[in-house]
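Have the structure open as you read.

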Amino acid sequence: MRLFTLACIASVQALRLPPRLVAPRQKFKTTLLAEAAEAAPAEAAKEDEGASVAASTVNLVKSIVGAGVLALPAGVAAFSDAGPALWPATALITALGAASAYSFGVLGRVCGAYDAETYKDAWARSVGEKSAWVVTLCCTLTPFLACLAYSIIMGDAAASLIAAANPGPKVCSALNACGGARRGSIAALTLGALWPLCSLKSLAALAPTSALGTAGVVYTAGFMAKRALDGTYKAGATFVKSLSRDLAPKFGSTLVKPGLGLGVFVAMCGTAYMAHFNAPNFFVDAGKDEKKYATIVRRGFALSVLLNVAVMVAGYLTFGASSQGLVLNNYAVKDSLASVARLLFGVSTVFTFPLAYAAVKVGVRGVLPKLSEKAVVAAPLSLITAIALLLDDVGVVVSLTGALMGSAVIYALPAVMLLKGDKVEKAAWEKKLAPYGMLALSGVSAVLGTLATFA
């Protein structure tokens with residue numbers, strides 16, 4: 001069950017929103033800039049360019065860092081119960097962040113060399129049209145699994161908020177009749193919110209809600225740092241007394257536990273940076289300028305590494321080996337600051353779900369073009385809800401697919417494009433060393449994730 005939760009949260013990284021859905025496209029209007037240059041100082045154009053880079057950098061951070069960051073403390077707990085484990089964990093997540101940034105950069109260079117504007121086009125033009133179905137499969141399965149993870153997160157968040165509200169016996173009885181607070185919440189949210197939102201013909205109205213997700217991450221990072229430092233979760237503290245034994249802080253002296261726990265963390269580190277489906281969008285929004293794109297990638301991934309490390313360290317320092325797959329579940333129900341974090345993530349998840357679900361609908365339409373619009377919405381949504389409601393352990397399917405999708409999208413597919421893309425300018429070490437290194441990293445991540453699934 002623990003591996004199932006870790007895999008679900010990790011797969012959330014796959015659905016970080018492309019800037020075209022989150023906000024209006026921020027293209028570099030070269031014609032207008034050229035005209036403005038004749039009437040304004042060069043500094044004005046530079047300021048506008050800087051603002052565009054800054055805006056795209058923020059969008060990239062939003063695309064990378066989301067609810068999945070809340071699983072990282074559990075990733076450390078999977079292989080250690082000692083505080084010093086944070087040192088190698090920080091080094092590893094930083095190194096894999098750098099590798100992910102490089103592969104993200106490769107995708108932009110491939111798009112530039114082949115004038116591609118989507119991940120599928122980049123593959124088709126650099127590798128071949130016949131094998132483009134591989135990308136289509138990844139583009140459909142990854143958001144499907146991410147939507148499943150979101151459904152689970154919504155259920156957990158709603159159940160915790162209901163418990164914090166301490167409803168009367170009649171409400172509790174009604175919830176028990178629906179299978180409990182978690183299942184009742186998932187069913188109610190699916191029918192009352194997700195169905196109408198996923199049926200919208202235009203998602204433009206949901207663009208402002210993207211700020212809610214960013215606010216949730218920033219607020220939660222600050223709240224977790226405060227709790228790690230203020231002693232409210234130390235042994236004997238009031239909040240700790242209200243926690244069950246499996247949620248209370250627990251620390252030991254084992255730096256690396258025997259088994260495949262380290263493999264779980266490695267797989268999670270990889271998926272913690274999976275925003276690569278959106279790389280072509282960012283390249284286009286950078287005006288197809290490789291230097292601007294490279295600047296956006298460097299800054300965006302650097303900030304994302306810092307946020308990931310901050311949440312990982314704060315969560316693990318507070319709960320240690322007891323860190324849950326969704327670390328917010330560790331905090332006491334009566335902790336008002338934690339309730340605010342749960343509310344922020346819960347609400348943002350409801351509005352982010354249809355944006356990810358849009359990719360699922362595209363995939364379904366591609367396979368079944370004659371299916372009605374209502375059926376395109378209803379069929380996958382019903383399946384996602386049924387899995388979230390009825391099956392307690394789909395860990396084998398979710399974690400295995402998540403590991404394979406993550407390793408493929410981040411490392412394997414960009415590596416093949418780099419190898420096959422004759423039009424891409426490459427340094428000497430990029431002709432063989434870099435792509436084969438990425439393929440090896442993909443293989444290690446996939447194998448470790450698979451073995452951890454069946455452990």
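In this predicted model, Ser151, Ile152, Met154, Gly155, Asp156, Ala158, Ala159 and Ile162 of H8 are in contact with Ala181, Arg182, Ser185, Ile186, Leu189 and Leu194 of H10. Sort the residues of that contact by type and you get nine nonpolar, three polar and two charged. As for geometry, the axes of H8 (residues 133–165) and H10 (residues 181–198) come within 8 Å and cross at roughly 115°. The crossing of H8 past H10 is right-handed.

Now for the charges. How many salt bridges are there? The count comes to eight. Here are three of them, with the N to O distances:

| Salt bridge | N to O distance | Source |
|---|---|---|
| Glu430 and Arg109 | 2.7 Å | side chains |
| Lys288 and Glu117 | 3.0 Å | closest N and O atoms |
| Asp335 and Arg227 | 2.9 Å | side chains |

Take the salt bridge of Glu430 with Arg109. Glu430 sits in the loop between helix H18 (395–420) and helix H19 (433–454), while Arg109 belongs to helix H6 (residues 86–114), so this pair ties together parts that are 321 residues apart in sequence. Glu430 has a relative accessible area of 6%, so it counts as buried, the cut-off being under 20%.

Next comes the salt bridge between Lys288 and Glu117. This one also links distant parts of the chain, 171 residues apart: Lys288 is in the loop between helix H14 (279–285) and helix H15 (290–319), and Glu117 is in the loop between H6 and helix H7 (119–126).

Asp335 lies in the loop between H15 and helix H16 (336–367), Arg227 lies in helix H11 (residues 210–230), and the two are 108 residues apart. Asp335 is buried, with a relative accessible area of 0%, and Arg227 is buried too, at 8%.

Conventions. Residues are numbered from 1 along each chain as its sequence is written. This is a predicted model: local features need pLDDT of at least 70, side-chain atom pairs count only at pLDDT 80 or more; totals for chains, interfaces and linings use all residues. Side-chain values use heavy atoms; hydrogens and water are left out. A salt bridge is a side-chain nitrogen of Lys or Arg within 4 Å of a carboxyl oxygen of Asp or Glu. Helices (H or I, at least four residues) and strands (E, at least two) are DSSP runs, numbered from the N terminus. Buried means under 20% relative accessible area, exposed over 50%, partly exposed in between (1.4 Å probe, protein chains only). Axes are lines fitted to C-alpha atoms, for helices over the stretch in contact, and angles run from 0 to 180 degrees between N-to-C directions. A crossing is left-handed if the near helix is turned anticlockwise from the far one by less than a right angle, and right-handed if clockwise. Contact means heavy atoms within 4.5 Å. Ala, Val, Leu, Ile, Met, Phe, Trp, Tyr, Cys and Pro count as nonpolar, Asp, Glu, Lys and Arg as charged, and the others, Gly among them, as polar.
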